[in-house]
Amino acid sequence: EARQSLVTATLDALQSGRASGAKPEYRSYPKDDVAPAAYGPRRRKLAYDMFGLLGVDRHDHAGRQAALMRNFDFFGAPVGIIVTVDRVCDSNAWGH
């Protein structure tokens, strides 16, 4: 019940556009001007390969979006686990 409530609220916010103004607290990936040159091509290849395994062509924008939205449904798993780290910890504290 709690899982489905979270999934429904999250998907509703994403699909309605309410989440589009959210500002991330940190960057998930380094900026292009400071990232090693191999990062961009490696990330793109990984994305193409992952979508390929899902049967989604890289040119199929709607298919890629639908596959991406499955993240917010925990890929249909019966339980979703969210790990958080207090903001006072360093940005890499989650790994320790």
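Modeller: Helices (H or I, at least four residues) and strands (E, at least two) are DSSP runs, numbered from the N terminus. This is a predicted model, in which local features need pLDDT of at least 70, side-chain atom pairs count only at pLDDT 80 or more, and totals for chains, interfaces and linings use all residues. Residues are numbered from 1 along each chain as its sequence is written, and side-chain values use heavy atoms, with hydrogens and water left out.

Colleague: In which helix is Arg3 placed, and does Arg3 count as buried or exposed?

Modeller: Arg3 belongs to helix α1, which covers residues 2-16. Buried means under 20% relative accessible area, exposed over 50%, and partly exposed in between (1.4 Å probe, protein chains only).

Colleague: Which residue forms a salt bridge with Arg3?

Modeller: A salt bridge is a side-chain nitrogen of Lys or Arg within 4 Å of a carboxyl oxygen of Asp or Glu. For Arg3, the closest N and O atoms of the pair are 3.0 Å apart. Arg3 lies in helix α1 and its partner in the segment after α3, so the pair ties together parts that are 70 residues apart in sequence. The partner is Asp73.

Colleague: How many salt bridges does the count come to?

Modeller: Besides the pair of Arg3 and Asp73, Arg18 forms a salt bridge with Asp12, the closest N and O atoms being 3.1 Å apart. Lys45 and Asp49 form another, with a closest N and O distance of 2.5 Å. By this rule the count comes to three.

Colleague: What separates Lys45 and Asp49 within helix α2?

Modeller: Helix α2 spans residues 39-53. Lys45 and Asp49 are four residues apart in this helix, so their separation is about one helical turn.

Colleague: Which residues make the nonpolar surface patch of about 220 Å²?

Modeller: Patches are made of residues with over 30% relative accessible area and no salt bridge; like charges are joined within 9 Å, nonpolar side chains (Val, Leu, Ile, Met, Phe, Trp, Tyr) within 5 Å. Accessible areas come from the Shrake-Rupley method with a 1.4 Å probe, and for residues only the protein chains shown count as cover. One member, in helix α1, is partly exposed at 33%. The patch is made by Leu14, Leu68 and Phe72.

Colleague: What is the phi of Phe75?

Modeller: Phe75 is placed in the segment after α3 and is partly exposed, with a relative accessible area of 47%. Although Phe75 is not a glycine, its phi is positive, at about 55°.
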